[in-house]
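Here are some brief notes on charged side-chain pairs. Please read them with the structure open.

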Amino acid sequence: MTKKPFKRVHLVVLDSVGIGEAPDAEAFGDTGSDTLGHIAEAVGGLEMPNMEKLGLANIVPVKGLAAAKKPAAFYGKLQEASVGKDTMTGHWEIMGLNIDTPFKVYPDGFPEELIQKLEEKTGRKVLGNKPASGTEILDELGRQHMETGAIIVYTSADPVLQIAAHEEIVPLEELYRICEIARELTLEPEYLVGRVIARPFLGQPGAFKRTTNRHDYALAPFDRTVMNELKDGGKDVIAIGKIDDIYNGAGVTKSYRTKDNMDGMDKLVQVAGEDFCGLSFLNLVDFDALYGHRRDPQGYGNALEAFDVRLPEVLEKMTEDDLLIITADHGNDPTFPGTDHTREYVPLLAYSPRFDGGEQLETGKTFADIGASIAENFSVDMPKFGKSFLSRLNK
């Protein structure tokens, strides 16, 4: 195996696909959580032959999958070092940050003074203001919203403030302006909301459907990430899915929005066929948003198998100059009580056509090992956190 740097690194985050409780899971109320393992058990075994070949079941046992005798990828798992278990914390850590002040969550809704400020500045009343499923709250409050024009505000187990509005009642431009106001209001330290999310929808009572015009208003990372170093070093950083939103555009040179997991895979296949030098970074959010939070192990299992079916399309585009890294950002065990994320290890698979089989990697103490490895590959400044595993791949 040559030590020649990879020209392109494709980083795929399977949003919420944890692989078993982390050592500190008890502190988060997540003892016994195991997203992938419990899904496999619930559906009677998973069929994921391509991930099986890479070595997924070599990391942990997975019902329906066999450990590969000669895994095609280097494999292991990573432990989260930061204090949260949300999307932004996981992704920012992947790119080299350590979050020691957690974002706030609002299990009882947002403070009344914040809601009053939002109503005053937007000129619209607020409905809801509680934790809720995005589809259930439309069923509950959608009709009232259409009759009154009041916006629907809700949250989840994540540090997010979500605002839903019917596109024919509140035009998209106005909804986005409302979210920008909410973003400004929640920048104050006493609120520390990670993201404000516009959730437009269409339809009639009993048949509402969220549109693809969602937009996230995130905090910018509090420090430079590996993406900043890559961009400033003249490398491409191609964000696919909600990656651009998660990092508030910091360090991104090009971005592609996606409608769902399959559209995300379409975009990844497209990008894998392009000539660039740097990082493509994809988040597949459906696992988390559609199946984890909604506690749907069957749907989650189907989505995992659907991803596996698409994987060869990416592998076929890869050359010896490419490295594919597959991981996750937290867990979201659909067999667990509630709707919250779960504190778990995440998988790590690293594959290139130049490899003659893979081996087990040391369990990482932080997700930032990924960012450190990418930084070392492209010879840019290393992050403050993380230990590169690049030398193991290029031994």
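1. Start with D263 and K267. Their side chains form a salt bridge, with N to O at 2.8 Å. This is a predicted model, and the distance should be read as such. Both residues sit in helix α10, which spans residues 261-272. They are 4 residues apart, so about one helical turn separates them.

2. Is this pair buried or exposed? D263 has 14% relative accessibility and counts as buried. K267, at 18%, is also buried. The cut-off for buried is under 20% relative accessible area.

3. R310 makes a salt bridge with D266, and the closest N and O atoms are 2.6 Å apart. R310 is buried at 14% relative accessible area, whereas D266 is partly exposed at 39%.

4. Now look at D30 and K85. Their side chains meet in a salt bridge at 2.7 Å, N to O. D30 lies in the loop between β1 (8-14) and α1 (35-42), and K85 in the loop between β2 (74-78) and α4 (87-94), so the bridge ties together parts 55 residues apart in sequence. Both D30 and K85 are buried.

5. Salt bridges link D24, E80 and R343.

6. How many salt bridges are there in the whole structure? The search finds 24. Those discussed above include D263 with K267, R310 with D266 and D30 with K85.

Note on methods: Residues are numbered from 1 along each chain as its sequence is written. This is a predicted model: local features need pLDDT of at least 70, side-chain atom pairs count only at pLDDT 80 or more; totals for chains, interfaces and linings use all residues. Side-chain values use heavy atoms; hydrogens and water are left out. A salt bridge is a side-chain nitrogen of Lys or Arg within 4 Å of a carboxyl oxygen of Asp or Glu. Helices (H or I, at least four residues) and strands (E, at least two) are DSSP runs, numbered from the N terminus. Buried means under 20% relative accessible area, exposed over 50%, partly exposed in between (1.4 Å probe, protein chains only).
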